[in-house]
Amino acid sequence: QVHMVESGGGLVQAGGSLRLSCAASERFFSTNAWAWYRQAPGKPQRELVAGITSGGTSNYADSVKGRFTISRDNAKRTVDLQMNSLKPEDTAVYYCNRATLGVFAPLDYWGQGTQVTVSS
(Lines give C-alpha, C1' and ligand atoms only; values in the text may rest on other atoms or scores of the structure.)
Protein backbone atom coordinates (compact mmCIF):
# COMPACT_ATOMS: atom_id res chain seq x y z
CA GLN A 1 0.00 0.00 0.00
CA VAL A 2 1.50 3.30 -1.12
CA HIS A 3 0.93 6.30 1.11
CA MET A 4 0.99 9.87 -0.11
CA VAL A 5 0.95 12.96 2.07
CA GLU A 6 0.13 16.23 0.34
CA SER A 7 0.95 19.63 1.81
CA GLY A 8 1.35 23.28 0.89
CA GLY A 9 -2.20 24.31 0.19
CA GLY A 10 -3.83 27.44 1.51
CA LEU A 11 -5.76 30.59 0.74
CA VAL A 12 -4.26 32.94 -1.84
CA GLN A 13 -5.47 35.85 -3.90
CA ALA A 14 -5.86 35.58 -7.65
CA GLY A 15 -2.51 36.06 -9.34
CA GLY A 16 -0.63 34.61 -6.40
CA SER A 17 1.47 31.48 -6.10
CA LEU A 18 1.59 28.31 -4.05
CA ARG A 19 3.91 25.34 -4.02
CA LEU A 20 2.42 21.96 -3.22
CA SER A 21 4.49 19.00 -2.11
CA CYS A 22 3.73 15.29 -2.03
CA ALA A 23 5.76 12.84 0.04
CA ALA A 24 5.36 9.23 -1.01
CA SER A 25 6.23 6.00 0.75
CA GLU A 26 6.71 4.06 -2.46
CA ARG A 27 9.92 2.03 -2.32
CA PHE A 28 10.28 2.16 -6.09
CA PHE A 29 9.43 5.86 -6.31
CA SER A 30 12.05 6.66 -8.92
CA THR A 31 10.81 4.12 -11.44
CA ASN A 32 7.21 5.31 -11.40
CA ALA A 33 5.33 8.12 -13.04
CA TRP A 34 3.57 10.50 -10.65
CA ALA A 35 0.85 13.05 -11.09
CA TRP A 36 -1.18 15.75 -9.43
CA TYR A 37 -4.96 15.78 -9.66
CA ARG A 38 -7.65 18.06 -8.30
CA GLN A 39 -11.30 17.90 -7.35
CA ALA A 40 -13.16 21.16 -7.58
CA PRO A 41 -16.14 21.99 -5.34
CA GLY A 42 -19.32 20.34 -6.54
CA LYS A 43 -17.57 18.15 -9.09
CA PRO A 44 -17.72 14.40 -8.58
CA GLN A 45 -14.53 13.54 -10.44
CA ARG A 46 -10.90 14.35 -9.95
CA GLU A 47 -9.12 15.72 -12.99
CA LEU A 48 -5.50 15.37 -14.01
CA VAL A 49 -3.52 18.56 -13.50
CA ALA A 50 0.03 17.49 -14.32
CA GLY A 51 2.06 14.31 -14.63
CA ILE A 52 5.76 13.50 -14.72
CA THR A 53 7.40 10.32 -15.97
CA SER A 54 10.30 8.51 -14.35
CA GLY A 55 12.53 10.19 -16.94
CA GLY A 56 11.31 13.64 -16.00
CA THR A 57 9.02 14.31 -18.96
CA SER A 58 6.05 16.36 -17.86
CA ASN A 59 2.53 16.75 -19.17
CA TYR A 60 -0.07 19.37 -18.25
CA ALA A 61 -3.77 19.97 -18.54
CA ASP A 62 -4.49 22.76 -21.00
CA SER A 63 -6.00 24.88 -18.23
CA VAL A 64 -2.70 25.07 -16.32
CA LYS A 65 -0.09 25.10 -19.09
CA GLY A 66 2.35 27.94 -18.67
CA ARG A 67 1.28 28.53 -15.05
CA PHE A 68 2.02 25.27 -13.22
CA THR A 69 5.25 23.28 -13.09
CA ILE A 70 5.59 19.73 -11.81
CA SER A 71 8.91 18.42 -10.54
CA ARG A 72 10.22 15.40 -8.70
CA ASP A 73 13.05 14.61 -6.31
CA ASN A 74 13.75 10.89 -6.36
CA ALA A 75 16.15 11.05 -3.41
CA LYS A 76 13.50 12.64 -1.21
CA ARG A 77 10.59 10.73 -2.81
CA THR A 78 8.68 13.94 -3.34
CA VAL A 79 6.68 15.41 -6.18
CA ASP A 80 6.08 19.16 -6.16
CA LEU A 81 3.65 21.38 -8.02
CA GLN A 82 4.59 25.02 -8.40
CA MET A 83 1.46 27.02 -9.13
CA ASN A 84 1.76 30.57 -10.40
CA SER A 85 -0.78 33.10 -11.65
CA LEU A 86 -3.51 31.32 -9.74
CA LYS A 87 -7.13 31.82 -10.74
CA PRO A 88 -10.34 31.33 -8.75
CA GLU A 89 -11.12 28.34 -10.97
CA ASP A 90 -8.00 26.63 -9.60
CA THR A 91 -9.81 26.29 -6.27
CA ALA A 92 -9.92 22.60 -5.44
CA VAL A 93 -8.54 19.86 -3.25
CA TYR A 94 -5.27 18.72 -4.79
CA TYR A 95 -4.03 15.14 -4.64
CA CYS A 96 -0.98 13.30 -5.85
CA ASN A 97 -0.79 9.68 -6.90
CA ARG A 98 1.37 7.15 -8.63
CA ALA A 99 0.27 7.07 -12.23
CA THR A 100 0.29 5.04 -15.40
CA LEU A 101 2.31 6.16 -18.36
CA GLY A 102 0.52 7.88 -21.20
CA VAL A 103 -2.74 9.07 -19.71
CA PHE A 104 -1.44 9.29 -16.10
CA ALA A 105 -4.34 7.36 -14.66
CA PRO A 106 -4.07 7.04 -10.86
CA LEU A 107 -2.90 3.71 -9.49
CA ASP A 108 -3.30 3.81 -5.73
CA TYR A 109 -5.69 4.85 -3.02
CA TRP A 110 -5.96 8.58 -2.45
CA GLY A 111 -4.36 10.53 0.38
CA GLN A 112 -6.10 13.31 2.26
CA GLY A 113 -5.23 15.96 -0.31
CA THR A 114 -4.48 19.61 0.32
CA GLN A 115 -7.01 22.42 -0.09
CA VAL A 116 -6.21 25.31 -2.41
CA THR A 117 -8.54 28.29 -2.33
CA VAL A 118 -8.04 31.22 -4.69
CA SER A 119 -10.00 34.35 -3.95
CA SER A 120 -10.93 36.87 -6.61
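Modeller: The discussion below goes from the whole chain to the sheet and then to the disulfide. Please keep in mind that this is a predicted model.

Colleague: How many helices and strands does the protein chain have?

Modeller: The protein chain has ten strands and zero helices. Along the sequence, the pattern therefore reads β-β-β-β-β-β-β-β-β-β.

Colleague: What does the radius of gyration say about the protein chain?

Modeller: The radius is compared with the value that the globule rule gives for a chain of that length. Here the radius of gyration is 13 Å, close to the 14 Å given by the rule for 120 residues, so the protein chain is as compact as a globular protein of that length. Along the principal axes, its C-alpha atoms fill a box of roughly 40 × 25 × 25 Å.

Colleague: How should I read a sheet?

Modeller: In general, the strands of a sheet pair through backbone hydrogen bonds, either parallel or antiparallel. In this model, four strands form an open sheet in the order S1-S3-S8-S7, with antiparallel pairing. Strand S1 (4–7) and strand S7 (68–73) are the edge strands, each pairing on one side only. From one strand to the next, the twist averages 15°.

Colleague: How many bridges join S1 and strand S3?

Modeller: S1 and strand S3, residues 18–24, pair in the antiparallel sense over four bridges. As one example, methionine 4 has alanine 24 in S3 as its bridge partner.

Colleague: Which cysteines form a disulfide?

Modeller: A disulfide is, in general, a covalent bond between the sulfur atoms of two cysteines. The count here comes to one disulfide. Cysteine 22 and cysteine 96 form it, with their sulfur atoms 1.8 Å apart. This pair links distant parts of the chain, since cysteine 22 lies in strand S3 and cysteine 96 in strand S9 (residues 92–99), 74 residues apart.

Colleague: Why is the disulfide called right-handed?

Modeller: The torsion about the S-S bond of cysteine 22 and cysteine 96 is about 50°, so the disulfide is right-handed.

Colleague: Is cysteine 22 buried or exposed, and is cysteine 96 buried or exposed?

Modeller: Buried means under 20% relative accessible area. Cysteine 22 has a relative accessible area of 1%, so it is buried. Cysteine 96 is buried as well, with a value of 1%.

Definitions and conventions:
Residues are numbered from 1 along each chain as its sequence is written. This is a predicted model: local features need pLDDT of at least 70, side-chain atom pairs count only at pLDDT 80 or more; totals for chains, interfaces and linings use all residues. Side-chain values use heavy atoms; hydrogens and water are left out. Two strands pair if DSSP finds at least two bridges between them. Helices (H or I, at least four residues) and strands (E, at least two) are DSSP runs, numbered from the N terminus. Axes are lines fitted to C-alpha atoms, for helices over the stretch in contact, and angles run from 0 to 180 degrees between N-to-C directions. A disulfide is a pair of cysteine sulfur atoms within 2.5 Å. Buried means under 20% relative accessible area, exposed over 50%, partly exposed in between (1.4 Å probe, protein chains only). The radius of gyration is taken over C-alpha atoms; the globule rule is 2.2 Å times the number of residues to the power 0.38.
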